[in-house]
Structure formats: C-alpha cells, structure tokens
Amino acid sequence: MGTLSFAPILPTKPRPSVARLFGPAIFEASKLKVLFLGVDEKKHPGKLPRTYTLTHSDITSKLTLAISQTINNSQGWANKLYRDEVVAEWKKVKGKMSLHVHCHISGGHFLLDLCARLRYFIFCNELPVVLKAFVHGDGNLLKNYPELQEALVWVYFHSNIPEFNKVECWGPLVDAGSQQGGKKQEILASNWKLPHPCPDNCDCCFPPMSLIPWSQELPHQNEKHHGSQSTAAVASTNLET
C-alpha cells in the first residue's frame, strides 16, 4: 500500500457498513449467535486448535461467532473489500497461553485505504465488545479453564499504511474485554513482549503454525504497551500484508 498523508476528515454520518462494524459499543448477549464447528469445549486450546470468527450483520445488527479449529472463511474473511470481521486464535508459546486477534484495516482495495484511519479508530473502539463476545460465546471453555482469563490479548492491525500496521498488547483477557479494559485501563507491567514460538519442534508451543492466513514474518519490534497515555502500553510491530 502507498503512503497517505492527510488529516482525518470524518463524515457526519458514516455509512453503516464502515462506521458500525459491530453496532453500538455495548455488548448484548441476546444479539450473539454462536456456532460450534468441530470443536470440543472440554479440550484445552493448548492441545486442540481453537479459532474465533466474529461477523456483524448491518441488516439485523446481530453478531455471529464461529468457534472452530480453522478460520471460517464462509463468513467473509476471504473478501478483500468487506473485511469487517475479526478473527482470533489461541496460542501456546513456550508454555504460556495467549489470544491473538486480527483486524484488517486496509489493503486489497483502494476504498479501504481511503478510510483506514476511520477503520482503525472503529476497530479500537469496538474491540472490548468483540472480546466480550469471545468470552460469552466460549463461556464453557473459560469455566473449565479459568486460567485462560489471565492470558494476554495481542491485537494485530493489518494495513499497508505503516501508521496503522502494528501489534498491540491489550493486557489480560479478563481486563481487555471490560468497559475499563483495553485502552482505558492503565497497564503497569513493562515486561510483556510479543511471544515467539520455538524455532524447532517442541511440546511447549501449539499450534506449530498460525491458523490465520496472514504473513507471519514480523520485523524488528518496538516494544511498548497498550493502556493509558501515561503508561503507553503499545507493542507496535510492522506487519506485512
């Protein structure tokens, strides 16, 4: 993608398909439909692959969460123009579990490039709702393995524009999905680093390869953390799209 250098001009009434990716920033369990596709809630995601694909309907304002062993492309992840869904996967890296969430900001279509700033803002605003949907929809798994609530959430923003092409740590899942979580919460820990799997086959990393269809080559990482401006807890990493 090329480089954009213009001040953000937000329309007074953004189109619903762009500005309301997941409806109001309030999670409503009654509007969430959950599909379990070939997964077992009794199996720990450190032993059996587990992914989430969350999509939103502009017509019904309802959310659909597919929980499966691979990303559910039928929900639209393969569509280069309407990549308004969020996908995620559980990973065990060097014995520690973490949730890796992916959002497509821009790239693949010039219309996405034009509204990249707006899309980044909306995804950040709606991510607590997204994470609440994951927690609610996969509630039985988290009841069986409550320690997963303490797993760190890593959010990958994919863009051909360097400003929005980054990885951010949103803290533990139990906090990142709350109204006071994510960017609003002060994250004091300064030793969080993006986990990298072992280069060779091992038992402490699973799955051996990412289940998300993105380039996994990550250049040098500028470590920060994502929280309030005072703690600046953002882990920014350039990604290839």
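Author: In this text a helix is a DSSP run of H or I with at least four residues, and a strand is a run of E with at least two, both numbered from the N terminus. The model discussed here is predicted. Read along the sequence, its protein chain follows the pattern α-β-β-β-β-β-α-α-α-β-β-α.

Reader: How many helices and strands does the secondary structure of the protein chain come to?

Author: The chain has five helices and seven strands.

Reader: In what order do the seven strands form the open sheet?

Author: The order is β1-β3-β2-β4-β5-β6-β7, and the pairing is mixed. At the edges stand β1 (32-37) and β7, each of which pairs on one side only. From one strand to the next, the twist averages 20°. Helix α3 packs on this sheet and touches β1, β2 (51-56), β3, β4 (86-93), β5 (96-104), β6 and β7. The direction of α3 makes about 135° with that of β5.

Reader: How do you know that strand β6 pairs with β7?

Author: Two strands pair if at least two bridges are found between them. Five bridges join β6 (residues 152-158) to β7, and the two strands run antiparallel. Among the residues facing each other, Phe157 has Lys166 of β7 as its bridge partner, and Trp154 stands opposite Cys169 in β7.

Reader: Why is strand β7 described as largely enclosed by the rest of the structure?

Author: A residue is buried when its relative accessible area is under 20%. Seven of the seven residues of β7 (residues 166-172) are buried, so this strand is largely enclosed by the rest of the structure. For the protein chain as a whole, 50% of the 241 residues count as buried.

Reader: What makes Ser68 count as buried?

Author: The relative accessibility of Ser68 is 4%. The cut-off is under 20%, so a residue with that value is called buried. Ser68 lies in strand β3 (residues 63-68). Beyond the residues up to four places away in sequence, Ser68 touches Leu37, Val39, Pro49, Arg50 and Thr51.

Reader: Which residue's backbone oxygen does the side chain of Ser68 reach?

Author: The side chain of Ser68 reaches the backbone oxygen of Thr70 at 2.4 Å. A polar contact requires N or O atoms within 3.5 Å. The C-alpha atom of Ser68 is also 5.9 Å from that of Gly38, although the two residues are 30 apart along the chain.

Reader: Why does His100 count as buried, and which residues does it touch?

Author: The value for His100 is 1% relative accessibility, and the limit is under 20%, so His100 is buried. This residue belongs to strand β5. Leaving out residues up to four places away in sequence, His100 touches Val87, Ala88, Glu89, Lys91, Trp154, Tyr156 and Pro195.

Reader: What joins the side chains of His100 and Ser98?

Author: The two side chains are joined by a polar contact of 2.8 Å, and the limit for such a contact is 3.5 Å.

Reader: How many aromatic pairs does the count come to?

Author: The count comes to three aromatic pairs. One of them is Tyr120 with Phe164, with 5.5 Å centre to centre and 40° between the planes. This pair links distant parts of the chain: Tyr120 is in helix α3 (residues 116-137) and Phe164 in the loop between β6 and β7, 44 residues apart.

Reader: Why is the pair of Tyr120 and Phe164 called tilted?

Author: Ring centres must lie within 6.5 Å, and planes under 30 degrees apart count as stacked, over 60 as edge-to-face and the rest as tilted. The centres of Tyr120 and Phe164 are 5.5 Å apart and the planes make 40°, so the pair is tilted.

Reader: Are Tyr120 and Phe164 buried or exposed?

Author: Tyr120 is at 13% relative accessibility and counts as buried; Phe164, at 5%, also counts as buried. Ring pairs link Tyr120, Phe157 and Phe164 into a cluster.

Definitions and conventions: Residues are numbered from 1 along each chain as its sequence is written. This is a predicted model: local features need pLDDT of at least 70, side-chain atom pairs count only at pLDDT 80 or more; totals for chains, interfaces and linings use all residues. Side-chain values use heavy atoms; hydrogens and water are left out. Buried means under 20% relative accessible area, exposed over 50%, partly exposed in between (1.4 Å probe, protein chains only). Contact means heavy atoms within 4.5 Å. A polar contact is a pair of N or O atoms within 3.5 Å; within protein, one must be able to donate a hydrogen and the other to accept it, and residues adjacent in sequence count only if both atoms are side-chain atoms. Rings of Phe, Tyr and Trp (its six-membered ring) pair if their centres lie within 6.5 Å; planes under 30 degrees apart count as stacked, over 60 as edge-to-face and the rest as tilted. Axes are lines fitted to C-alpha atoms, for helices over the stretch in contact, and angles run from 0 to 180 degrees between N-to-C directions.
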